[in-house]
Amino acid sequence: MRFKAVISGLSFAFFPATVFAAGIEACEALPIMSHHVFETNHRIVGNGVVSYPEIGSICTDELGCTHTEFVLFAACESGQTMRVVANLERDFDGTHLDRVDEANEVVQVLASAETSYSWTSATKAFERKAFQIDDYIESKENCACAMAFPELRNGKEKFEGL
């Protein structure tokens, strides 16, 4: 089965992954993306849709350190990306939010489901649990999409990190 894009707006359906695409494990061997952020645990959620955590820290003299972990979902063909806040720790105001396990449970349910999910229903799975979500279109291919679904690049800037 292939990832299917429904033409009405930005509505997408993805289906559970039945086979682990060869090559995606190469993304684990990448050096840190920048001195502040790295990606890990790349996986296929459904055909044409990948997920991975993005983890990073930024420290300043004025505000101290902010540590974040996001769970990213990316539709390889369209570039539609959902960024879910799973962990946030800020020194300046004492914020401590750790919902990594909960976010990973949602990913696991979506990846192992027997039925297909639309992009909207996947978003709602996180919204029902009150996760903060940022949804946007990415113009650059990510490593997981490049390795698992290079045929779905669809005009995006090619990932060159390997």
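Visitor: Why is the contact between Glu 141 and Arg 153 called a salt bridge?

Guide: The closest N and O atoms of Glu 141 and Arg 153 are 2.9 Å apart. A salt bridge is a side-chain nitrogen of Lys or Arg within 4 Å of a carboxyl oxygen of Asp or Glu, so the pair qualifies. The model is predicted: local features need pLDDT of at least 70 and side-chain atom pairs count only at pLDDT 80 or more, while totals for chains, interfaces and linings use all residues. Residues are numbered from 1 along each chain as its sequence is written, and side-chain values use heavy atoms, with hydrogens and water left out.

Visitor: What makes Glu 141 buried?

Guide: Its relative accessible area is 6%. Buried means under 20%, exposed over 50%, and partly exposed in between (1.4 Å probe, protein chains only), so Glu 141 counts as buried.

Visitor: What makes Arg 99 and Glu 102 a salt bridge?

Guide: Their closest N and O atoms are 3.0 Å apart, so this pair also meets the rule. Arg 99 is buried at 15%, and Glu 102 is partly exposed at 30%.

Visitor: How many salt bridges does the rule give?

Guide: The count comes to four.
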